Amino acid sequence: MSERSPSPTDTTKPLLRALAGRPVQPPPVWLMRQAGRYLPEYREVRSRVSGFLELCYTPELAVEVTLQPIRRYGFDAAILFSDILVVPDALGQPVRFVEGEGPRLEPVRSAEEVARLEPDRLHEHLAPVYETVRRLRRELPPEVALIGFAGAPWTVATYMVEGGSSRDFARVRGWGVAEPVGFGALIRLVTEATIEYLVKQVEAGAEALQLFDSWAGVLSEDEFGRWAIEPMRQIVDAVKARCPGVPIIGFPRGAGVMYARYVEEAGIDAVSLDSSVPLRWAAETLQPRVTVQGNLDPLLLLSGGEPMKRGARRILEELGGGPMVFNLGHGVIKETPPEHVAELLEIVRGSGG
Ligand code: CP3
């Protein structure tokens, strides 16, 4: 990876070494949604607050739930405990989480509604998140890297326009097709807010950043260039200009063969692979350019046993020749037995049979 500039970040941390393009043995490991409802200690803290967003906006509790999986398993990285939907919430589009149904927002579907959003409130609203990052940086063990994150603009916009989770993304894609300029204004607003939000996270102590484009897989080739790659490239350029050397991981979930173009064009340091990405193809096509992260199927972690161990070993074999970060292909499923995570870590770290 000689064409990549050396990172000024702390290279004693395995995650940061791997993100700088160096193979690390054993590879650093963390899991998407490593903090969450599969852990009894998370459920205990969660029961103390009425709403999920209250947890995200209470630094003391957000720090506690971020640290829980670090204490229990000794992961190589902690990911800030928050949610991608704090950005629309901060822009003046209030988000509620309805138990068992997911997020709910009053939809934004026109240029007038975009104009009513309030980007000026962003930092004031998100101040508790920055405080959480500052405290985490003080409290984490020295070898554990702190990852900040945001949703990618396309994925955040799906929730803003649909008003919650969606099956077919008809309204948001329809708006982009019918009025690319109007929808583009929403994407631009979210892109700019995301840049400001991520820069503040780095200034508060985040050492690497991940952008979650969870719904990138529903886009056509043309839309993918416009709504997934282009905003991502703008975010990467702007954040790196203001925070030189901070490594950025992109996660265009479900992008299939478009992963190749994403890696080529988005300017990222690492790419997170969903579980459908073939390992050999990733090793040959993506890993010569960026660090690859992934991609054990969360269902294998849920069911555990030999299939999980075989799956994990195959990832280590296929991707272990180059820079990699071990992770899942998506978040931990809430029914996952916590013991399975301990067994997985033994495999990754070379002490599991
Ligand atoms: O440990 C971590 O990974 C850090 C915390 C984190 C959460 N959400 C906590 C959370 C992160 C990185 C996210 C990202 C996120 N949030 C994404 C992108 C990744 C992905 O899963 O595709 C998306 C799409 C969201 C939006 C979101 N947040 C939805 C749709 C839901 C409801 C569905 C559900 O699982 O309940 C959430 C809620 C949420 N975010 C929970 C957690 C722990 C569960 C809420 C609770 O505890 O009550």
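Author: Buried here is under 20% relative accessible area, exposed is over 50% and partly exposed is in between, with a 1.4 Å probe and protein chains only. Bear in mind that this is a predicted model, where local features need pLDDT of at least 70 and side-chain atom pairs count only at pLDDT 80 or more, while totals for chains, interfaces and linings use all residues. Residues are numbered from 1 along each chain as its sequence is written, and side-chain values use heavy atoms, with hydrogens and water left out.

Reader: OK. How many aromatic pairs are there?

Author: The count is twelve aromatic pairs. Phe 212 and Phe 251 make an edge-to-face one, 6.3 Å centre to centre with 80° between the planes. The rule is that rings of Phe, Tyr and Trp (its six-membered ring) pair if their centres lie within 6.5 Å; planes under 30 degrees apart are stacked, over 60 edge-to-face, and the rest tilted.

Reader: And which strands do Phe 212 and Phe 251 lie in?

Author: Phe 212 is in strand S5 (residues 208-213) and Phe 251 in strand S6 (residues 248-252), so the pair ties together parts 39 residues apart in sequence. Those elements are DSSP runs numbered from the N terminus: helices are H or I with at least four residues, strands E with at least two.

Reader: Is Phe 251 buried or exposed?

Author: Buried, with a relative accessible area of 0%. Then there's a tilted pair, Phe 224 with Tyr 262, at 6.1 Å centre to centre and 55° between the planes. Phe 224 lies in helix H11 (residues 221-242) and Tyr 262 in helix H12 (residues 258-265), so that pair ties together parts 38 residues apart in sequence. Phe 224 is buried at 1% relative accessibility, and Tyr 262 is buried at 0%.

Reader: Which residues do ring pairs link into a cluster?

Author: Tyr 42, Phe 52, Phe 81 and Phe 97.

Reader: Which residues are closest to its centre?

Author: Of the 38 residues lining the largest pocket, the closest to its centre are Arg 33, Arg 37, Phe 52, Asp 83 and Phe 97. Phe 52 and Phe 97 are also in that ring cluster.

Reader: What about the backbone of Arg 33?

Author: Arg 33 has a positive phi of about 55°, though it is not a glycine. Arg 33 is exposed, with a relative accessible area of 54%. Phe 169 also isn't a glycine and has a positive phi of about 55°, but Phe 169 is buried, at 4%.

Reader: Where is the cis peptide bond with Pro 26?

Author: It joins Gln 25 and Pro 26, with omega about -10°. The bond from Gly 294 to Asn 295 is cis too, with omega near -25°, and Asn 295 lies in strand S8 (residues 291-296).

Reader: Last topic. How many salt bridges does a search of the whole structure find?

Author: It finds 21 salt bridges (a side-chain nitrogen of Lys or Arg within 4 Å of a carboxyl oxygen of Asp or Glu). One of them joins Lys 13 and Glu 207 at 2.8 Å, N to O. Lys 13 lies in the segment before H1 and Glu 207 in the loop between helix H10 (180-204) and S5, so the pair ties together parts 194 residues apart in sequence.

Reader: Are Lys 13 and Glu 207 buried or exposed?

Author: Both are buried. Asp 76 and Arg 349 also meet in a salt bridge, at 2.9 Å, N to O. They sit 273 residues apart, with Asp 76 in the loop between helix H4 (59-73) and strand S1 (77-79), and Arg 349 in the segment after helix H16 (338-348). Asp 76 is buried at 12%, whereas Arg 349 is partly exposed at 33%.

Methods: On a 1 Å grid over the protein atoms alone, a cavity is a set of points where a 1.4 Å probe fits but cannot get out, and a pocket is an open set with protein on both sides within 12 Å along at least five of seven lines; lining residues have an atom within 4 Å of a point.
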